[in-house]
Amino acid sequence: MPLSLRLSIADTLTLGNATCGFMAVYFTTTGILIPHIQGSNDSGMARHSAATAVILMLAAAIFDLFDGLVARKLRSSPMGAELDNLSDLISFGLAPAYFVLVYGMVADDAHQRVAAVGAIVVLLAVVLRLARFSCVTVKDGTFQGMPSPFGALTVVSIVLLELPFVATLLAIIGTAWLMVSRVEYPKPRGRTAVAMLSWIVLSMALLAAWAFDAPGGQLLLQTGCALQLVLGAVIPLFATARRVNNFRDNRREARAAQLP
């Protein structure tokens, strides 16, 4: 095959990311939406399918983490960057947006059309974020705006917490805004990458316990989702505080340089 069409190991992991995102949409449709349309009252199936869909999004995040690590250690094909963006759009744009849309159709206190607007906002935020990531250069060690995998998992966590509809919608829109904002997020390297991977594994364990009706599974699910929301809110606060401190330090240095 031509060199430009050969897939590297990193590209294979990227395709695994896309596959997980597509299967998340599949389980959301077949296990939640279709039974609801058919009038089924099997809440166990819906719970299991929702957990499966979220676990697949978590697996997509693992693939996304490792394809970057492998590409840096080995090599990536000329298609690597494009494959990564397209896969991220499926797993962290389409899948969570579709999850929000289905939530608006099946939840008792939800408004379908308003939820559809929230889903569109999430999808467009990821599209804009990925497009900006491809053409904007930022300083090393940081992302500009909440990374799309982190944003997707935060959106799903908000839905799973089963908050009142207005609070859920506002939190989802706030997360979408963070993805296209200029807030700086540290890149997962070294210990940060290990911590993120550990958090993903813990989240998968909590969701699996909830899916299979483990004792206290619902509490574990709520705890994991709440921790995700807290982390999503704390990082921008720390980043903003750091920018304010840097701005103050620069002003002090400028004033000190002007003194005779």
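**Reading a pocket and its helices**

Q: Which element gives the largest share of the lining of the second largest pocket?
A: A pocket is an open set of points on a 1 Å grid over the protein atoms alone, where a 1.4 Å probe fits, with protein on both sides within 12 Å along at least five of seven lines, and lining residues have an atom within 4 Å of a point. Here the largest share of that lining, five residues, comes from H1, where helices are DSSP runs (H or I, at least four residues) and strands are runs of E (at least two), numbered from the N terminus. This is a predicted model, in which local features need pLDDT of at least 70 and side-chain atom pairs count only at pLDDT 80 or more, while totals for chains, interfaces and linings use all residues. Residues are numbered from 1 along each chain as its sequence is written, and side-chain values use heavy atoms, without hydrogens and water.

Q: Which residues lie nearest the centre of the second largest pocket?
A: Among its 26 lining residues, Ile32, Ala46, Val106, Ala107 and Glu162 lie nearest the centre. Elements giving two or more residues to this lining include helix H2 (43-73) and helix H8 (217-258).

Q: How many helices and strands does the chain have?
A: The chain has eight helices and two strands, running α-α-α-α-β-α-α-β-α-α from the N terminus.

Q: How far apart are the end C-alpha atoms of residues 151-180?
A: They lie 10 Å apart in a span that is 87% helix and 0% strand, whereas for residues 86-107, at 95% helix and 0% strand, the end C-alpha atoms are 30 Å apart.
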